[in-house]
Amino acid sequence: LQNLAEAHDIEVGISTFFESLKSSRRSSLVSELNDRIRKQIRAQSPDPFQQFSCLDGFDIYAGDGHSIAAAVHDPRHPRKAKKTDPPSERQLTTKYATGHLYTIDLRSQAMSHLTVADQITRKKEHEMRALKRLTINTLRQNAPTGRKVLYIWDRAGIDFRQWYYWKRQNAVYFVSREKENMDLYVLGENPWERDAHLNHGVLADQMMGTSCGVSVRRVIYRDPETKREYRYLTNLPTSIPPGIIALLYKARWDIEKVFDEFKNKLQEKKSWASSSTAKTIQAQLLCLTWNLLILMEEKTRRQTGAENIAEQKRRQEHLVRSQKEASLPHGHPVLLIRRATRRFTQHSVKFIRWLNNHLDRACDWHQAGRALKARYAYQ
């Protein structure tokens, strides 16, 4: 607030700021604005999964939980004493971190916020519990009737019976990874094209029985680059090739990169206020900032020709190393598919600094673009 007042000669009282963050009307407004921006991004962004016709009709999201530090005035809770604590410190209290559930649209890279974790009844709400309390419209992210919604989630998103209900009643699908202690048994083998380039690395495609009486599909895959073996679980139909499932889960890493940018480049490490509405507004504004950065970066590239050549060079070198590790010849279809679905996930520090420096500066748009172009060229 002090920075705002000194930079723009606008005084906002502390009490006014916190009262505004409690407004459910403002929360709805920010959410609606972010939905519109996400649609705009999807309309103009290249879709790396458009080349796979089997995914037509699916909205594809990677989802995960992300925590930041508690707000200054968040309530304190008794902390369980440790044996190593001195007697004087065994009555200490602690604050619970604020947990959020986010998703990234893998077709466009637009971010959205699903919910803030319940901190009233529990220290840390399980991600699947938080997903279950969402309305269906929120879970489907306003997808129109007839449209399918696919979530790529880590192991915290596994609940086979819930997957079954969501698929049958709401056309919501999941892909995750198998836990080590799962009690699964093979029911049968699914047919799949073993010679297809897209399925290179797939070892098995099976139907698995579970202890809750619901069958799930399991894909066993060995990454040709790292030689590591992965086991994916999903309720997707067998019409989706097993290689696509492995490719989709690999793309889930995008959301982890976004979380890293939230904390380390946008410096959002702490909650602003204590109410659930305030925490939701903060998360929505963070998603809105990310989405506007996508639009701004594309606009500068298109209108001023400013491109991060150094980062492109590093990316190309990484692809060459990956090709050698995979022992695949140059131009192999698997490499072409991976290159088509790989893209820059994070915004460069140079770009964020440039934007920060020019937001408050009376500067011609093309002049600012030339400054960014020069900064990109500087090694």
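Residues are numbered from 1 along each chain as its sequence is written. As this is a predicted model, local features need pLDDT of at least 70 and side-chain atom pairs count only at pLDDT 80 or more, while totals for chains, interfaces and linings use all residues, and side-chain values use heavy atoms, with hydrogens and water left out.

**The sheet**

Helices (H or I, at least four residues) and strands (E, at least two) are DSSP runs, numbered from the N terminus.

Two strands count as paired if DSSP finds at least two bridges between them.

| Pair | Bridges | A bridge partner pair | Residues between strands | Positive phi |
|---|---|---|---|---|
| E4 and E5 | five | His100 and Val116 | five | Gln109, about 75 degrees |
| E10 and E11 | six | Val219 and Tyr232 | six | Lys227, about 70 degrees |

How much of E5 is buried? Six of its six residues are, so to speak, under cover, where buried means under 20% relative accessible area, exposed over 50% and partly exposed in between (1.4 Å probe, protein chains only). As for E10, six of its seven residues are buried, so the rest of the structure largely encloses this strand.

Contact below means heavy atoms within 4.5 Å.

**Around Thr304**

Thr304 belongs to H9, which spans residues 276-304. Is Thr304 buried or exposed? Thr304 is buried, at a relative accessible area of 16%. A polar atom of the Thr304 side chain lies 2.4 Å from the backbone oxygen of Thr300; a polar contact is a pair of N or O atoms within 3.5 Å, where within protein one must be able to donate a hydrogen and the other to accept it, and residues adjacent in sequence count only if both atoms are side-chain atoms. Leaving out residues up to four places away in sequence, Thr304 touches Lys299, Trp365, His366, Gly369 and Lys373.

Two of those names meet again: the charged end of Lys299 sits over the ring of Trp365, 4.9 Å from its centre. That label needs NZ of Lys or CZ of Arg within 6 Å of the ring centre and within 35 degrees of the ring normal.

**Aromatic rings**

Rings of Phe, Tyr and Trp (its six-membered ring) pair if their centres lie within 6.5 Å; planes under 30 degrees apart are stacked, over 60 edge-to-face and the rest tilted. The count by this rule is 17 aromatic pairs. In one of them, Phe49 and Phe52 have ring centres 6.3 Å apart and planes at 50 degrees, so the pair is tilted. Both Phe49 and Phe52 are buried. Elsewhere, Tyr61, Tyr151, Trp153, Phe160, Trp163, Trp166 and Phe174 form one aromatic cluster.
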